[in-house]
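Here are my notebook entries from a first walk through this model.

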Amino acid sequence: MAELSAAGGTKPTESTVVSVQGLKKSFGKTEVLKDVSFDVSQGQVLSILGPSGSGKTTMLRCINALERPDSGVISVDGISLDYGQGKPRFRDVLRQRRHTAMVFQHYNLFKNKTVLHNVTEGLTVVQRKKSEEADAIARDALEAVGMTGFEDRYPSHLSGGQQQRVSIARALALNPSVILFDEPTSALDPERVNEVLKTMKDIAARGVTMIVVTHEIRFARAVSDTVIFMDCGRIVEHGAPQQVIDHPQTERLQEFLNSLA
Ligand code: ADP
């Protein structure tokens with residue numbers, strides 16, 4: 001686990017996979033991220049909690065290089081982009097992005113492709129794997145999320161929970177350094193939430209490094225190594241789940257947890 005420094009921030013250790021330092025991002029005059037810093041170590045699960053509009057999705061999108069931060073340094077598996085030094089080279093942005101995979105709230109599967117094809121697409125197009133190898137990797141990933149037997153179905157013939165499990169398989173198949181989950185269960189019917197949370201727990205148990213934006217407090221408590229609470233573009237609390245969730249130090253977090261209860 002990343003060590004806590006005297007200043008309360010973290011300093012990268014050898015096993016740091018994702019390091020975010022001094023991240024700032026504004027949209028027009030709205031400051032959405034105001035100096036956000038944290039590290040995630042190999043195999044760790046970081047859950048990010050916070051009210052709507054606190055900057056959680058923007059932060060994930062910065063790590064996935066879908067948004068360009070105004071300043072700050074983001075490192076993923078040793079590939080570091082310093083946004084304070086101007087626009088990074090596109091080549092470096094792509095290199096870093098290939099170490100991440102994202103699972104979206106609305107699954108974002110290709111509707112005109114089968115389940116198997118959805119999972120092989122990134123392997124053949126981005127990673128340039130041969131189709132036989134891509135098929136084998138995709139089948140393994142589908143097995144890991146309990147979707148063996150669904151390879152030839154189309155997304156419209158699956159429940160929301162099943163579609164999300166396919167999108168987790170798609171991320172897993174890429175063998176990224178970190179999987180970023182953006183509220184992966186919030187678009188699901190309540191009865192489908194648990195199957196996706198269980199899948200995520202299984203994936204975490206395989207030692208996959210994960211950053212999860214979620215409102216699922218029970219998941220955050222049971223599965224995360226570290227929890228961050230964000231409010232108004234800042235990290236307000238950061239620590240072990242038992243500390244952050246069960247012993248909130250700020251009124252803001254207490255109110256937020258009460259609002260979910
Ligand atoms: P959260 O994920 O915590 O709900 P977001 O990161 O989605 O928060 O949004 C944080 C703030 O940034 C919100 O006020 C939102 O309206 C604003 N925002 C997000 N994306 C954009 C964008 N592309 N253009 C303008 N404002 C944006």
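Entry 1: Helices (H or I, at least four residues) and strands (E, at least two) are DSSP runs, numbered from the N terminus. Within this pair, L46 has I211 of β10 as its bridge partner. Before going on, I noted that this is a predicted model: local features need pLDDT of at least 70, side-chain atom pairs count only at pLDDT 80 or more, and totals for chains, interfaces and linings use all residues. Residues are numbered from 1 along each chain as its sequence is written.

Where do β5 and β10 sit in their sheet? I read the order as β8-β9-β10-β5-β11-β12, an open sheet of six strands with mixed pairing. The edges are β8 (100-103) and β12 (234-239), each pairing on one side only. From one strand to the next the twist averages 20°, taken between N-to-C directions on a scale from 0 to 180 degrees, with axes as lines fitted to C-alpha atoms.

**Entry 2: a hairpin.** Next I followed strand β3 (residues 16-27), which pairs with β4 in the antiparallel sense over nine bridges. I found S19 opposite D39 of β4. The hairpin of β3 and β4 has two residues between the strands, and G28 takes a positive phi near 60° there.

**Entry 3: around the ligand.** Which residues surround the ligand? I listed F27, T30, V32, G50, S52, G53, S54, G55, K56, T57 and T58, counting a residue as near if its C-beta atom, placed from the backbone, lies within 6 Å. Helix α1 gives the most, with three residues. By class I noted two nonpolar, eight polar and one charged residues in the shell.

I then checked T30, which has its place in strand β4. T30 counts as exposed because it has 10 C-beta neighbours inside 10 Å. My cut-offs, with C-beta atoms placed from the backbone, were 20 or more other C-beta atoms within 10 Å for buried, 12 or fewer for exposed, and partly exposed in between.

**Entry 4: the core.** The largest nonpolar core has 69 residues, and A169 and I211 have the most contacts inside it. Such a core is a set of buried Ala, Val, Leu, Ile, Met, Phe, Trp, Tyr and Cys residues joined through C-beta atoms within 7 Å. Helix α5 (residues 160-173) gives the most to this core, with six residues.

Beyond its neighbours within four places in sequence, A169 is in contact with V119, A141, L142, A144, V145 and M147; contact means C-beta atoms, placed from the backbone, within 7 Å. I also looked at helix α3 (residues 115-125), where V115, L116, N118, V119, T120 and L123 are buried. These residues pack against α4 (131-144) and α5.

**Entry 5: a loop residue.** Is N64 buried or exposed? N64 is buried, because 21 other C-beta atoms lie within 10 Å. I placed N64 in the loop between α1 and β6 (71-76). Leaving out neighbours within four places in sequence, N64 is in contact with R97, T100, M102 and L180.

Definitions and conventions:
Ala, Val, Leu, Ile, Met, Phe, Trp, Tyr, Cys and Pro count as nonpolar, Asp, Glu, Lys and Arg as charged, and the others, Gly among them, as polar. Two residues are in contact if their C-beta atoms, placed from the backbone, lie within 7 Å. Two strands pair if DSSP finds at least two bridges between them.
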